[in-house]
Amino acid sequence: MLQKVWVSSPGSWALQESNSHRQGKKRCWKCRFVRTIIQHPCRRHAPKRSRKERMLRKIQICLCFCFVSGILYEISLLSSSVFSYLPMAQHYLTPEQVLNLGKSIIFLETTERLEPPPLVSCSVESAARIYQDRPIILFMRGLTNETALDMNTSYAAFSLLSSMKNVFLFPLQMETVFQETPLLQWYNQVVPEQEKNWVHVSSDASRLALIWKYGGIYMDTDVISIRPIPQESFLAAQKSRFSSNGIFGFPARHKFIWDCMENFVLKYNGNIWGNQGPFLMTRMLKTLCNLTDFQGTEDHSCQNISFLNPQRFYPIPYPAWGRYYQVWDKSPNFNHSYALHLWNFMNRNRKVVVAGSNTLAEKLYKTYCPTTYEDLIQNAKQR
């Protein structure tokens with residue numbers, strides 16, 4: 001009995017009988033296949049099968065294994081907790097596939113550099129450790145599809161991050177990101193070479209589009225995660241009555257983010273730093289809420305949006321950013337914080353974490369991104 005076999009997709013397969021055999025018995029192949037698998041007659045009394053029948057049974061068993069494996073793989077892609085149990089085939093998943101898993105933690109690198117500095121590596125690693133059941137995605141402007149597939153091991157941090165099972169590194173393709181949003185027309189008209197703050201402005205736009213399309217949490221690459229954020233729709237207060245855009249989270253297709261994109265285009269001014277960033281978030285929040293000063297560690301809420309206390313992410317305010325690189329007599333516990341913003345934009349002298357310096361930043365690296373600390377900080381000292 002000759003039969004044809006083909007695979008149509010990872011989760012489906014079919015078996016077709018030849019024309020000559022279709023003239024004979026027209027019994028459902030599925031019934032015959034199931035009966036073959038579940039029935040186990042005693043070998044002593046079973047009639048001897050022909051060589052072709054034995055070969056067919058082996059083929060059926062192999063196909064059954066492939067079928068079950070395909071189903072399990074498809075189920076694993078739909079499960080938000082897959083990262084806790086199975087390593088992902090990172091090389092073969094597209095940004096859309098990963099983002100559609102939901103609840104992603106998104107980072108952006110809008111410069112052309114391919115070697116993430118230690119603070120970027122620490123931010124991504126700390127998020128991967130805190131949110132082990134969620135995809136952690138770093139979009140990089142300087143990355144191409146060819147580089148992504150190659151995983152460019154010549155860059156230590158690049159290799160380190162790509163080895164983490166729930167971390168994904170993807171090229172940042174802005175025109176694709178801005179499709180189906182109010183930002184596409186703006187992007188097609190703007191001239192990046194003439195923009196004073198293009199790196200920041202393009203990042204401000206990209207984070208809005210990605211969160212609107214797919215939902216999740218956006219974080220700047222100088223944010224170290226220390227515990228999970230419980231809220232789904234939130235903005236982070238940098239101080240009373242003023243919102244940051246360095247950390248925020250919303251479900252996909254949230255109206256507030258759509259309104260922010262429209263206002264981004266309507267009141268665009270690339271010469272004013274932050275006009276499309278924290279100032280945008282603040283003025284849009286003010287249209288919904290009567291903002292008041294924070295008292296203690298309370299959070300505010302209006303229109304189902306949580307406005308989180310500055311202690312959640314900014315316990316050290318930006319004028320005192322240098323304290324992260326100082327030695328403390330007694331280190332703070334940050335019991336009221338979900339993550340810490342290290343104000344890298346203020347760090348114009350490029351202070352870095354030095355092994356053995358005993359600074360607050362070094363202690364944070366050791367606790368929340370130990371792989372980055374060991375591989376990048378201590379190795380740099382030895383070199």
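**Charged pairs and their setting**

Arg207 has a relative accessibility of 6%, so this residue counts as buried. Keep in mind throughout that the model is predicted. Asp204 is buried as well, at 9% relative accessibility. Both values fall under the 20% cut-off, which is why neither residue is called partly exposed.

What links the two? Asp204 and Arg207 form a salt bridge, with 3.6 Å between their closest N and O atoms. The cut-off for such a pair is 4 Å, so this N-to-O distance qualifies. Side chains of opposite charge can pair when their charged atoms come close. Helix α10, residues 198-214, holds both partners. They sit 3 residues apart there, about one turn of the helix.

How many salt bridges are there in total? The count comes to 8. Two further pairs are worth a look.

One is Asp259 with Lys255. Their side chains meet at 2.7 Å, N to O. Lys255 is exposed, because its relative accessibility is 58%. The cut-off for exposed is over 50%. Arg207, by contrast, counts as buried.

The other is Arg312 with Asp299, where N and O are 3.1 Å apart. Here the partners sit in loops. Arg312 belongs to the loop between β11 (305-308) and β12 (339-341). Asp299 belongs to the loop between α12 (278-286) and β10 (300-302). The pair therefore ties together parts that are 13 residues apart in sequence. Arg312 is buried at 11% relative accessibility. Asp299 has a relative accessible area of 28%, so it is partly exposed.

Now return to the starting pair. Asp204 and Arg207 are joined with Asp220 in one network, through salt bridges that share partners.

Next, the covalent links. The model has 2 disulfides. Cys122 and Cys369 form one, with sulfur atoms 2.0 Å apart. The torsion about its S-S bond is about -85°, so this disulfide is left-handed. It links distant parts of the chain, 247 residues apart. Cys122 is in helix α5. Cys369 lies in the loop between α13 (360-368) and α14 (370-382). Cys122 is buried, with a relative accessible area of 0%. Cys369 is buried too, again at 0%.

Cys289 and Cys302 make a disulfide as well, with an S to S distance of 1.5 Å. Cys289 sits in the loop between α12 and β10, while Cys302 is in strand β10. They are 13 residues apart. Both of these cysteines are buried. Number the bonded cysteines in sequence order and the pairing reads 1-4, 2-3.

The largest nonpolar core has 54 residues. Ile136, Met219, Ile229, Ile247, Phe313, Tyr324 and Tyr365 touch the most other members. Helix α5, residues 118-130, gives the most to this core, with 6 residues. Helix α5 is also where Cys122 lies.

Ile229 shows the packing in detail. Beyond four places in sequence, its contacts are Tyr131, Ile217, Met219, Phe234, Ile247, Leu308, Phe313 and Tyr338. Another core, of 47 residues, lies apart from the largest one. Among its members are Ala205, Tyr214, Phe256 and Met261.

Stepping back, the fold has 14 helices and 12 strands. Buried residues make up 48% of the 383 in the protein. Among contacts with a separation of 6 or more, 72% join residues 24 or more positions apart. The accessible surface is about 20,600 Å², and carbon and sulfur atoms account for 52% of it.

Finally, confidence. Mean pLDDT is 83, and 77% of residues reach 70 or more. Residues 77-82 fall below 50, and this stretch has 9 contacts beyond near neighbours in sequence. Residues 84-88 also stay under 50, with 10 contacts beyond four places in sequence.

Notes:
Residues numbered from 1 in each chain as written. Predicted model: local features only at pLDDT ≥ 70, side-chain atom pairs only at ≥ 80, totals over all residues. Heavy atoms only, no water. Core = buried A, V, L, I, M, F, W, Y, C linked by side-chain atoms within 4.5 Å. Buried < 20%, exposed > 50% of the residue type's maximum accessible area, 1.4 Å probe, protein only. Helix = DSSP H or I, 4+ residues; strand = E, 2+ residues; numbered from the N terminus. Contact = heavy atoms within 4.5 Å. pLDDT = per-residue confidence, 0-100. Areas by Shrake-Rupley, 256 points an atom, 1.4 Å probe, with all protein chains shown as cover. Disulfide = S-S within 2.5 Å.
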